[in-house]
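Here are my notes on this one, in the order I'd go through them. Have the viewer open while you read.

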Amino acid sequence: MPELPEVESVRRGVDEWTAGTTITGAEVADPRILGTTSQRRIDPSAVSGFVSAVTGQRILRAERRGKFMWLSLGEGAVSSSVSVASSVPRPELGILVHLGMSGQLRIHSPDEEIHRHTRAVLHLDSDRELRFVDQRIFGHIGVQPLVHGYGRLVPASAVHIAADPLEPAFDPEAVVGELAKKRTAIKAALLDQTLVSGIGNIYADEALFRAGVHPLAVPARTRKSRLVAVLESATKVMSDALAVGGTSFDALYVNVNGESGYFDRALLVYGRGGQDCVRCGTEIAKITVGGRGTHFCPECQKAPRYR
Ligand SMILES: [Zn+2]
């Protein structure tokens, strides 16, 4: 699965190529892409509903929270336009795009060959097309109303998702305050998307290792300075991944899951069970926490004494 830094990289590419354009038409080659992993039986009217909902709409910008990405739609000027700064439009609809396991967003010229796994196409007035390619159809695209959730407008299905560490709405003090009430394992708490979004299994392990906190530590019994360190580590490790990986996509090709679509994740602990710790040489342990494979160094991340 793409992690937050990869989704952010795609968002930046999509924003660069689509913000300020108007959607002149749309096609859905496979209606299943309008569904979700639990519901792929799509009424044929959903296709015409999607096409009519997006056609004529202006893309204001590409946005993201956690691993949710959407194009906010609206009338009028684009917020980045300097000359009309007084009339920043308020979006009401968004096109939510879930990349799933194998989804890619690609920008093409209309005359370029259509990849056979292309499931949906948005035609833009910039003489480009935004194509959603998804071999296995674990992804999703759909129109949703935008609603207020955790400090900003988000698609309705993301209303329960808390702010992620890379967005301005993220309030570290408030999150640490909530985290400090949790009596579950801290690894499980970091994956709780109603507390903080966008920290997936990989970066949860990396953040705990860098902060020197055991994955089974109970937040309510952990010093707040340690909780702050974990959140700061999560923010840093994802920012670093973005900085390294976000430089490499081709102008006309926005890709999250092609041959080189994943960032070269500089992982210190995740996936290294049985190998030597990069810091102290102790063998990295692997356990299961909340059903998720969890890697840690028993020396650098001492087990909490209250257990
Ligand atoms: Zn170690």
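**Notes on the core and the confidence**

1. The largest nonpolar core has 73 residues, and Ala207, Leu208 and Val230 touch the most other members. Such a core is a set of buried Ala, Val, Leu, Ile, Met, Phe, Trp, Tyr and Cys residues joined through C-beta atoms within 7 Å. Helix α6 (residues 224-245) gives the largest share, eight residues; helices here are DSSP runs (H or I, at least four residues), strands likewise (E, at least two), numbered from the N terminus. Domain 1 (4-158) and domain 2 (172-296) both contribute, so the core lies between them; the bounds come from an automatic or database domain assignment.

2. This is a predicted model: local features need pLDDT of at least 70, side-chain atom pairs count only at pLDDT 80 or more, and totals for chains, interfaces and linings use all residues. Residues are numbered from 1 along each chain as its sequence is written.

3. Leaving aside neighbours within four places in sequence, Ala207 is in contact (C-beta atoms, placed from the backbone, within 7 Å) with Leu190, Ile199, Val230, Ser233, Ala234 and Val237.

4. Ile199 sits in the loop between α4 (186-190) and α5 (201-211). Is Ile199 buried or exposed? Buried, because it has 28 C-beta neighbours inside 10 Å; the cut-offs are 20 or more for buried, 12 or fewer for exposed, and partly exposed in between. Pro165 is 34 residues away from Ile199 in sequence, with 8.4 Å from C-alpha to C-alpha.

5. The chain averages a pLDDT (the predictor's confidence in each residue, from 0 to 100) of 88. Over residues 246-253 the pLDDT is below 50.

Note on methods:
Contact = placed C-beta atoms within 7 Å.
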